[in-house]
Amino acid sequence: MTSDTPGETFRPEARAPRGFADKRARDLRAERRILEAVSRVYESYGFEPFDTGAFEYADALGKFLPDSDRPNEGVFALQDDDEQWMALRYDLTAPLARFAAQSWETLPKPFRRYAFGTVWRNEKPGPGRYREFIQCDADTVGSARPEADAEMVALAAAGLEAAGLPRGAYVLKINNRKLLDGLLAEAGVSDARQKLTVLRAVDKLDRLGWEGVKDLLGKGRLDESGAFTKGAELDPAGQETVGEFLDISTRTAGVLKALAEMKLGAAGEEGLKELERIEDALNGLGLTAEQARFDPAVVRGLEYYTGPVFEAELLLETTDEKGEPVRFGSVGGGGRYDDLVARFTGEKVPATGFSFGVSRLAAALRAAGRDAAGDSRGPVVVIAFDQARMADYFALAGELRGAGVPAEVYLGGSGMKAQMKYADRRLAPAAVILGEDELAAGTVTIKDLDLGRELARGVTDNQAWRAERPGQVTVPRAELMAVIRRILDGAP
Ligand code: AMP
């Protein structure tokens, strides 16, 4: 132990770093369920599992994060003993591009992989915004077809539904960055930084509304905290053009037709053609307009997107503990990134992908009351009375496990009453008591804790059911499993 003052023991405050979350059973189970459901969907479309390490060389990751005003441009980086800078991956796409560049010759092309894992971003934490979170991605590397983009949208819809969101509770919004590129070129904007500032401004439409975005397209915007964000310096005509373009998103019907009437320039025309092919493919993939629609306000924050971009938005009304409405932002997003592999090889390898934020999706499902109940149920607890009988308790727990029922022997030092309380707090379906009497008579006593909890909640007022489901029974040892099964099945 170190100490500041002689004779005084240094005691660090027990705290987790900001933006890093501790997750308990309920969170982890919910996340795992999502990962399993989404992985199954990805596999069913022919994507193979793949993973890379947590670190990449910093130059391989590039500087593509929207939050570039923090040290190391939004990543966590350190210098290796050979002086090379390494950074924790901030998404699963940049490492895939590195791998594809490295292994292109030997890969089946197009290369279709899915991946899930932790990513880290050194950005300002906030509600639903962590510095460590899990993503689950699917990508197709080596296909320039807009149909590959459409497939990403279909995958995302199937993934959300498999994770537990009903149709109508989400929408996949689709856009093409080439539209805005073309539009800005027509308006005389050619500077890459200026274009990026426009994209970032448009990305904030949801949060700031048109007036806020307009400020960011012009000179800049002063927020409530007094901080000033420099704008893109577009002239009023340029701002108006972007405004007209964004307005199209409010008219869901005939978006493509409305876009065709705008002066989009060569890049924009190309973008529009791609969107038309995506539309055809979506029809073939069986997606309805309720599931996926075009929205010119979607641009996505990451800098590496080159064409179509997608965003999954929740349409559910969700509230927090205080009943206040909660917004989750996007639960997933993606798009086409045709230049990411070429950064390494100089050769263009077109690619497209979609990424779910697993922690955010889990939180959203919970707030929407869509996380499956019963998952928090604990093990059957075998009560420990007597030190001399521990072997018998373990044998009993083993019997339960052997029959596929999670079980544990109480290993704390407390008495009977506290043990029952423990079992209840663990949400154990039952506690099993093997006292001297039971051991002598070859019986076992089973306390139905599920019933106790239901009675406490006042859920069960069905007298007949209550009469047939005793709170505690003593039965011959051979009947143990039958009683436990009845409790687990919730049958009287
Ligand atoms: P991105 O890689 O930025 O396109 O984000 C893809 C998805 O990851 C988003 O739709 C979110 O669900 C999730 N995500 C992004 N940033 C965060 C964050 N800081 N904390 C939690 N989830 C995030």
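At what angle do the axes of helix α1 and helix α12 cross, and within what distance do they come? The structure examined here is a predicted model, in which local features need pLDDT of at least 70 and side-chain atom pairs count only at pLDDT 80 or more, while totals for chains, interfaces and linings use all residues. Residues are numbered from 1 along each chain as its sequence is written, and side-chain values use heavy atoms, with hydrogens and water left out.

The axes of α1 (residues 25-44) and α12 (residues 358-367) come within 9 Å and cross at roughly 110°; helices (H or I, at least four residues) and strands (E, at least two) are DSSP runs, numbered from the N terminus, and axes are lines fitted to C-alpha atoms, for helices over the stretch in contact, with angles running from 0 to 180 degrees between N-to-C directions. The two helices, α1 and α12, are therefore roughly perpendicular to each other, a description that applies to angles of 65 to 115 degrees, whereas angles under 35 degrees count as roughly parallel, those over 145 as roughly antiparallel and the rest as oblique. On the side of α1, the contact (heavy atoms within 4.5 Å) is made by R26, D27, A30, E31, I34 and L35, and α12 contributes V358, S359, L361, A362, L365 and R366. By class, the contact of α1 with α12 has 7 nonpolar, 1 polar and 4 charged residues, where Ala, Val, Leu, Ile, Met, Phe, Trp, Tyr, Cys and Pro count as nonpolar, Asp, Glu, Lys and Arg as charged, and the others, Gly among them, as polar.

Strand β15 (residues 351-357) has 7 of its 7 residues buried, so the strand is largely enclosed by the rest of the structure; buried means under 20% relative accessible area, exposed over 50%, and partly exposed in between (1.4 Å probe, protein chains only). Both faces of β15 are covered, with A351, G353, S355 and G357 buried on one side and T352, F354 and F356 buried on the other. Strands of a sheet pair through backbone hydrogen bonds, either parallel or antiparallel, and two strands are taken to pair if DSSP finds at least two bridges between them. Strand β6 (residues 132-141) pairs with β15 in the antiparallel sense over 7 bridges, and Q135 has G357 of β15 as its bridge partner. Strand β14 (residues 330-336) also pairs with β15 in the antiparallel sense, over 5 bridges, and here the bridge partner of G332 is F356 in β15.

A further open sheet is formed by 3 strands in the order β2-β4-β3, with antiparallel pairing. Its edge strands are β2 (55-57) and β3 (77-79), each of which pairs on one side only, and the twist averages 35° from one strand to the next. Between β3 and β4 (residues 85-88), which run antiparallel, there are 3 bridges, and Q79 stands opposite W85 in β4. The loop between β3 and β4 contains E83, a residue other than glycine whose phi is positive, near 75°; at 59% relative accessibility, E83 counts as exposed.

In helix α14 (residues 416-425), Q419, M420 and A423 are buried. Seen down the axis of α14, these buried residues fall within an arc of 100°, so they line one face of the helix, the arc being that of the directions from the helix axis to the C-beta atoms. The face of α14 turned away from its buried side carries the exposed residues K417, K421 and R425, while the cover over the buried residues includes β16 (380-382), β18 (430-433), β19 (443-448) and α16 (449-457). The loop between α14 and β18 holds L427, which has a positive phi near 60° although it is a residue other than glycine, and which at 30% relative accessibility counts as partly exposed.

In helix α18 (residues 480-489), the buried residues are L480, M481, V483, I484 and I487. Seen down the axis of α18, they fall within an arc of 160°, so they line one face of the helix. These buried residues of α18 pack against β16, α13 (390-402), β18, β19, α16 and β20 (472-476). Just after α18, G490 takes a positive phi of about 75°.
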